[in-house]
Amino acid sequence: MECKTAQSPVAPTNLQLLKQLSELRSTLDTIMKQLSPLATLVEDVKLIKQDVSDLKDSVNFAQKTADDSISKIGSLVTRVSHIEAQTNSLDNLKMDMAKLKEDLQDKEQWARANNVEIKGVPLSKSENLYDIVAKITKNIKCTIRKEDINYIARVPSLKSDSSKSIIMALNNRYTKEEFVAAARQHKGLSILDLGYNGEGKVFINDHLTLHNKALLKKVKKKKSSLSTYG
């Protein structure tokens with residue numbers, strides 16, 4: 001029986017090596033192409049993580065801003081409530097002051113309830129106010145006795161160019177009312193009727209406070225304007 005001689009492996013030729021190398025390179029290219037999207041994905045993930053981080057910072061900032069705003073709003077509400085309370089107190093104080101002023105005006109007018117104001121009588125150095133009143137009562141046909149008069153005097157006028165008014169305080173309010181009513185029926189009373197030279201009317205009215213005089217003046221002005229347009 002013959003023994004077969006073992007054959008040694010044949011070394012690859014250069015052509016075969018080049019072919020294998022080309023196949024390997026092709027395989028590597030394929031792998032690289034497959035891995036290329038993975039690199040992009042990694043970058044996208046990094047960007048997403050950064051966006052999430054930025055969003056978290058924004059949320060934290062927004063939360064802090066909201067907390068600060070809520071705190072400021074709370075403080076503002078407290079201040080507004082305090083101001084409202086003070087405003088209410090001030091309004092009440094104004095109402096009390098207005099009521100007090102009204103009461104004082106009423107009391108001041110009440111204190112003048114028996115007073116008569118006589119305007120337009122010329123001032124003279126040697127005048128006797130009781131005699132002037134006697135002449136007035138004679139002209140208006142209303143008797144006023146000297147004992148009916150509590151006091152009588154001249155008082156300064158707000159207008160520096162006018163004569164001082166005569167204020168006569170009577171002891172009885174009804175006597176005062178009768179005197180004023182009689183004077184209003186003789187509106188044409190003039191200084192000539194009292195023995196003075198010249199022209200000028202004499203006015204006899206209730207002795208009003210400055211406040212009530214201003215109100216009366218406004219009413220007369222309003223009435224005059226309505227009559228003009230009417």
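Which helix gives the most to the lining of the largest pocket? Helix 4 does, with six residues.

First, the basis. This is a predicted model, in which local features need pLDDT of at least 70 and side-chain atom pairs count only at pLDDT 80 or more, while totals for chains, interfaces and linings use all residues. Residues are numbered from 1 along each chain as its sequence is written, and side-chain values use heavy atoms, with hydrogens and water left out.

The chain has four helices and four strands. These are DSSP runs numbered from the N terminus, H or I of at least four residues for helices and E of at least two for strands. Read from the N terminus, the order is α-β-α-β-β-α-β-α. Of the 230 residues in the chain, 19% are buried, where buried means under 20% relative accessible area, exposed over 50%, and partly exposed in between, with a 1.4 Å probe and protein chains only. Among contacts with a separation of 6 or more, 64% are between residues 24 or more positions apart; a contact means heavy atoms within 4.5 Å.

Now the pocket. On a 1 Å grid over the protein atoms alone, a pocket is an open set of points where a 1.4 Å probe fits, with protein on both sides within 12 Å along at least five of seven lines, and lining residues have an atom within 4 Å of a point. The largest pocket has a volume of about 1,200 Å³, volume being the space filled by probe spheres set on the points, which are joined across faces, edges and corners. Of its 33 lining residues, E117, K119, F203, N205 and K213 are the closest to its centre. At least two lining residues come from each of strand 1 (115–119), strand 3 (165–170), helix 3 (173–184), strand 4 (203–206) and helix 4 (210–229). The lining divides into 13 nonpolar, nine polar and 11 charged residues. Here Ala, Val, Leu, Ile, Met, Phe, Trp, Tyr, Cys and Pro count as nonpolar, Asp, Glu, Lys and Arg as charged, and the others, Gly among them, as polar.

Next, the core. In soluble globular proteins, nonpolar side chains tend to be buried together. A nonpolar core is a set of buried Ala, Val, Leu, Ile, Met, Phe, Trp, Tyr and Cys residues joined through side-chain atoms within 4.5 Å. The largest one has 25 residues, and I118, I136, F179 and I204 have the most contacts inside it. Helix 2 supplies its largest share, five residues. Beyond four places in sequence, F179 touches residues including V116, I136, M168 and I204.

Where is N115? N115 is in strand 1 and is buried, with a relative accessible area of 6%. Its side chain makes a polar contact of 3.2 Å with that of H207. A polar contact is a pair of N or O atoms within 3.5 Å; within protein, one must be able to donate a hydrogen and the other to accept it, and residues adjacent in sequence count only if both atoms are side-chain atoms.

I191 lies in the loop between helix 3 and strand 4. Is I191 buried or exposed? I191 is buried, at 4% relative accessible area. P122 is 69 residues from I191 along the chain, with 7.7 Å between their C-alpha atoms.
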